[in-house]
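Reader: I have a structure to look at and some questions about it. Can we take them one at a time?

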Amino acid sequence: MSSITGVALPEETPSGGQPKPLDADRASTGRLGDRIFGGAALGSGLLIVVIVTLVAIFLLAQAVPALSKDHANFLTSTSWVTSQPMAFGIAQLLWTTVASSVVALLFAVPFAVAIALFLTQYAPAWLARPAAGLIDLLAAVPSIVFGLWGGFIVAPKWAPIQHFLSDTLGWIPLFKPTAGITGGNTIFFVGIILAIMILPIITALSREVFAQTPTTHKEGALALGATKWEMVRTAVLPFGRPGVISASMLGLGRALGETIAVMMIISGLPNGAKWTWSLFNGGATFASKIASDASEFSGGLSTGAYIAAGLVLFILTFVVNAIARIIIERRKDFSE
Amino acid sequence: MSSTTARPEVTFGSKSSGRAIRNTVATVLVWAAFLIALIPLGWIMWTVLTKGLHVLFTGTWWQKDQSGALPPGFDHNVRGARHALVGTLEMSVVTSVIAIPIAIMTAIYLVEYGRGKVARLVSFMVDILSGIPSIVAALFIYAIWVTTFGLKLIPVCASIALAMLMIPVVTRSTEEMLKLVPNELREASYALGVPKWKTITRVVLPTSLSGIVTGALLGFARVAGETAPLILLAAYTQYLNENIFSGNMAALPTMISTEFSNIGDAVSSERLWGAACTLILLVLVINLLGRLVGRLAKVKK
């Protein structure tokens with residue numbers, strides 16, 4: 001199944017129940033055509049390894065000179081001054097990035113799991129395919145349209161709800177109202193829009209694992225007198241849990257790196273704004289900061305500060321994706 | 001699928017009301033989650049179509065660029081989006097030309113050749129590449145092109161960055177399709193003495209062609225809507241530029257983000273929603289076309 005979200009659970013889908021392709025390593029005749037073609041295939045594969053390695057090397061190499069000239073603590077400072085003398089730190093960017101993505105995940109995962117259950121267990125047969133198509137269509141909407149719609153249409157409607165939340169829950173530091181931020185363009189709201197954007201990918205992958213639940217498990221539960229929900233809870237959900245977790249990690253990776261939608265929605269903070277844990281605050285994520293300051297790139301040392309931020313984002317997404325991958329691999333070892 | 005699993009007609013003892021209620025609640029929640037998820041899609045389409053569709057029917061939209069446009073507030077003509085549409089299509093096509101051969105060869109390596117550690121490494125790296133945020137890919141190209149080699153940015157830089165995003169999408173979908181080709185076909189070909197490379201190009205690839213086309217079209221639709229790399233690598237211009245190797249080149253996403261800064265102005269707002277409508281229709285049409293190709297091929301099989 002070529003999933004529209006661009007990621008598949010690679011090792012897990014057992015190629016539609018068919019045997020694995022031939023181990024025809026000796027089918028190669030050693031003739032010139034075979035050697036060239038095989039070499040080209042291997043070359044393409046290695047090219048991808050090289051590209052990912054180069055990304056890490058180049059970002060690191062260009063971030064280091066800027067970091068050595070940084071007069072602030074890179075990890076704990078909240079200021080962002082890239083003119084000489086440079087004083088930049090990622091604390092505020094890291095907080096905004098992680099907070100908005102975690103909010104997105106908290107909203108998206110329950111919905112995605114419920115929708116995946118709907119598509120695989122509950123929907124009538126005639127509805128399941130078109131319904132899945134509709135959810136996939138959401139993944140096809142360009143992120144700039146999400147930004148436009150979220151920032152310009154939805155944010156004003158969100159503002160009153162946010163006021164209500166900060167009025168009633170304001171005693172919790174996370175929901176404290178922030179001075180100067182009146183509209184709905186906050187970290188929390190960005191999280192909601194990001195949740196909609198990563199919903200299709202989590203749904204698509206969860207759907208694939210739920211659909212693979214062995215029929216014997218499900219029939220076993222039903223035969224013991226389980227209701228449909230009990231069957232889902234005892235057979236489908238435990239079977240799919242590792243898949244859902246890794247799908248969530250992939251969704252988290254998407255949310256961390258989302259650029260244009262965040263940039264269009266979130267309201268910026270003045271340099272040196274006071275630190276607050278509130279989610280009803282503006283700010284910038286790594287990606288939106290890099291993109292919104294792109295016009296100031298001069299190619300000199302100051303660009304290095306942004307490349308350093310990009311490097312942190314790269315490491316963050318790398319770790320999240322690697323975890324997702326490891327969970328899938330482990331599941332493969334144990335589930336069979 | 002699940003509907004075929006027979007629910008037992010005879011239940012031993014009666015369901016307690018608590019269990020029955022929980023079952024009903026779960027069913028309602030699951031249906032509700034699906035219906036709620038449709039709201040954003042409907043809302044987005046409704047917003048974009050009501051605000052932008054009529055702009056597409058103005059005579060100049062498809063024929064003119066924005067040359068002669070005055071500063072916002074002083075201009076009363078919407079003019080056209082030809083420059084942005086041409087730019088988007090050109091950059092996406094060049095991206096496909098770079099990405100698709102690499103992606104297909106990588107998929108062939110993973111399915112037909114790769115065994116052991118190297119294949120695992122390549123497969124892992126494809127996953128990592130698919131997780132790289134678009135802005136990081138753009139930053140990488142910027143770090144090579146501008147800060148290392150000191151070259152001037154040209155539109156093809158954006159295509160290279162976009163290719164990094166397209167390669168994993170097409171690789172994964174091609175891989176899935178190649179795995180579906182029955183081994184009997186390969187065996188028959190080998191038995192006739194056909195070399196491996198000819199078996200792949202003449203038997204395996206044609207069999208899975210429709211699936212590969214689907215993957216490529218979905219990848220194309222994804223990069224056509226990407227904005228972040230363009231912001232860094234392909235500066236917007238109001239003029240039509242057909243040369244991908246020089247100057248600035250407009251694209252629909254950068255046209256939207258440029259007009260977004262003047263959204264209060266009526267004419268800018270028209271252009272903005274017109275461009276958004278053009279972009280979303282372009283992406284959805286290509287996307288649906290891709291799925292149609294996949295669907296038709298499945299019927300034949």
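Author: Start with a definition: a salt bridge is a side-chain nitrogen of Lys or Arg within 4 Å of a carboxyl oxygen of Asp or Glu. Keep in mind that this is a predicted model.

Reader: How many salt bridges are counted between chain A and chain B?

Author: Take one example. Asp127(B) pairs with Arg325(A), and their closest N and O atoms are 2.6 Å apart. The cut-off is 4 Å. Between chain A and chain B the count is two salt bridges.

Reader: Which helix of chain A gives the most residues to the side that touches chain B?

Author: The contact takes 112 residues from chain A and 107 residues from chain B. On the chain A side, 68 are nonpolar, 28 polar and 16 charged. The top contributor there, with 20 residues, is helix α1 (residues 32-68) of chain A.

Reader: Are the rings of Phe118(A) and Trp31(B) stacked or edge-to-face?

Author: The pair crosses between chains, from helix α2 of chain A to helix α1 of chain B. The ring centres are 4.7 Å apart. Planes over 60 degrees apart count as edge-to-face. Here the planes are at 75°, so the pair is edge-to-face.

Reader: Is Phe118(A) buried or exposed?

Author: Buried means under 20% relative accessible area. Phe118(A) has a relative accessible area of 0%, so Phe118(A) is buried.

Reader: What separates Phe146(A) and Trp149(A) along helix α4 of chain A?

Author: These two form an edge-to-face aromatic pair, 6.4 Å centre to centre. They are three residues apart in the helix, so the separation is about one helical turn.

Note on methods
Residues numbered from 1 in each chain as written. Chains lettered and ligands numbered in written order. Predicted model: local features only at pLDDT ≥ 70, side-chain atom pairs only at ≥ 80, totals over all residues. Heavy atoms only, no water. Contact = heavy atoms within 4.5 Å. Helix = DSSP H or I, 4+ residues; strand = E, 2+ residues; numbered from the N terminus. Nonpolar A, V, L, I, M, F, W, Y, C, P; charged D, E, K, R; others polar. Phe/Tyr/Trp six-rings, centres within 6.5 Å; stacked < 30°, edge-to-face > 60°. Buried < 20%, exposed > 50% of the residue type's maximum accessible area, 1.4 Å probe, protein only.
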